[in-house]
Amino acid sequence: MAALDWVALGGYFVVMLLIGLWSHKRISNVSDYFTGGGRMPWWLSGISHHMSGYSAAVFVAYAAVAYSYGITVYVWAFIPLAVGTGLGAVVFAPRWNRLRKRYGVASPLEYLATRYNVPTQQALAWSGTLLKVFDVAAKWASVAILLNVFTGMNMNTGIVLTGVVTLLYCTVGGLWADALTDFGQFIIQGIAAIAMVVVVLGKLGGISGLGTLWDDLPAHHTEPLVGPYTATFLTAYIIIKIFEYNGGMWNLAQRYMATENARDARRSAGLSAVLYLIWPAFLLFPSVAAPVLLPHVADPQQVYALMSEKFLPAGLVGLTLAGMFSHTMAMASSDANAISAVVTRDMMPALSRRARGMSERSALLAARIVTVAFITLSMLVAIEADHFGGVLGIIVALVAAVMGPISIPLLLGLLTPFRKFGPRAALISWAGGLIGYWIVKYGIDSTDQTTVVLTPLVTSLVLFLAIGLLSPEPNPEADALVEAVSTDGDDDSGTGALLGAVPAPASEPQPAARAED
């Protein structure tokens with residue numbers, strides 16, 4: 001890279017750190033650290049939700065699919081995100097917000113102790129935390145691949161560099177730092193991505209080149225579903241993303257919790273859904289067109305980086321690399337904040353009596369320590385990423401293994417039709433889904449992606465429905481909670497702590513909120 005590119009990249013890192021330091025002033029308690037104190041504007045929450053939903057894997061693993069198979073990557077990987085988030089705007093986003101407003105929760109799993117019981121909460125917390133260590137590790141590995149192509153930097157050095165910068169700003173500034181850096185990264189990445197699209201269009205002969213591009217692409221590259229990406233795989237992916245992007249990924253639930261009221265949470269999800277529908281098309285277009293411009297790339301994972309180096313002028317290369325960094329740092333920092341919330345608010349109180357009585361200051365310190373520990377552990381796993389099946393292997397395999405079993409009881413537990421589905425259904429569906437994945441992946445050693453992705457989800461869903469219907473467990477406290485989060489009320493002031501929950505670290509009382517619009 002040229003000196004101007006290094007200036008652009010260095011400036012990006014400096015801005016992220018400055019935002020983290022500024023956000024530190026807005027953090028006075030764990031509510032501020034984990035949910036922004038419920039003061040986050042809906043548009044900022046929506047952009048943050050979008051930026052936290054995918055990483056540099058777009059420019060590595062998904063770019064490789066676009067280069068090798070064409071437009072199918074947009075159809076199966078990103079349209080499901082728009083569909084799932086759009087559905088969530090109606091069904092799930094307002095419920096997450098009401099949990100914070102009416103019960104003062106700061107963690108997406110905090111309500112499970114009342115809705116089911118403490119063992120169920122802990123099973124989902126521990127397995128989900130383990131999943132996220134590997135999931136974030138895949139993100140660091142993606143960024144390291146890009147750094148290696150652009151600068152020749154050693155992969156491990158790239159992982160450590162990106163991880164440490166992210167660790168500094170998200171540990172200091174909490175959710176406010178995450179959201180504000182997400183917004184800054186959205187702007188930077190937008191400039192870089194549009195510049196890349198303009199340059200690629202120029203190489204194709206201008207706007208008119210769009211008309212001939214599709215005929216010049218390899219066979220089947222214009223088909224919506226091709227190769228291993230079948231209609232069954234797409235269906236499974238849509239179902240998974242409905243659960244994953246509405247709270248199965250805990251950091252995304254936090255965005256809805258952080259808005260002022262349920263109406264703003266809906267608007268936040270709606271904005272994110274629109275961005276998922278439009279923006280990935282811009283990000284993926286250069287990789288889709290790459291077989292025409294760079295027909296013989298040995299490693300398709302490097303295609304976006306190679307195009308940037310070959311076609312972009314000095315300065316824009318560094319800005320493009322910063323744009324690639326942006327998604328990973330946004331997603332990783334928000335994951336770290338969510339995991340810290342779950343560990344601090346849900347896991348530690350169940351393990352230690354001392355943790356249940358922590359002061360506000362001690363709880364905030366614990367949250368920051370957990371954030372540091374999580375990011376450090378994920379970096380260590382990223383260094384060994386090849387041993388876990390590479391970047392896309394980690395994302396597809398491990399998310400498929402755990403996402404369904406975790407998110408089905410977590411999200412369906414918020415809905416009125418399932419209010420009598422108790423801890424028995426939740427725990428058996430969780431365990432059954434994990435066992436189903438293990439049998440398919442390692443027992444029969446299936447190489448079919450559709451089978452691997454679909455089995456744990458379907459197993460968990462069938463078991464949850466069957467056991468819940470055949471063996472209902474009525475619980476007045478659970479019924480009251482589900483009713484409270486399912487309806488708009490004239491008075492949205494908090495109703496107190498969750499009954500039956502393990503006491504979380506002390507937090508400042510929630511002020512009475514204004515009625516929702």
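Reply: The largest nonpolar core has 137 residues. Such a core is a set of buried Ala, Val, Leu, Ile, Met, Phe, Trp, Tyr and Cys residues joined through side-chain atoms within 4.5 Å. Buried means under 20% relative accessible area, exposed over 50%, partly exposed in between (1.4 Å probe, protein chains only). Those with the most contacts inside this core are Tyr62, Trp76, Trp96, Leu99, Met307 and Phe464.

Me: Which helix gives the most to this core?

Reply: Helices are DSSP runs of H or I, at least four residues, numbered from the N terminus. With 15 residues, the top contributor is helix α9 (residues 118-151).

Me: What basis do these values have?

Reply: Residues are numbered from 1 along each chain as its sequence is written, and side-chain values use heavy atoms, without hydrogens and water. Local features need pLDDT of at least 70, side-chain atom pairs count only at pLDDT 80 or more, and totals for chains, interfaces and linings use all residues, as this is a predicted model.

Me: Is Leu271 buried or partly exposed?

Reply: Leu271 lies in helix α14 (residues 262-293). Leu271 touches Trp42, Trp43, Gly46 and Ile47, leaving aside residues up to four places away in sequence; contact means heavy atoms within 4.5 Å. Its relative accessibility is 24%, so Leu271 counts as partly exposed.

Me: What separates the C-alpha atoms of Leu271 and Gly86?

Reply: Along the chain, Leu271 and Gly86 are 185 residues apart. Their C-alpha atoms are separated by 8.7 Å.

Technical notes
Helices (H or I, at least four residues) and strands (E, at least two) are DSSP runs, numbered from the N terminus.
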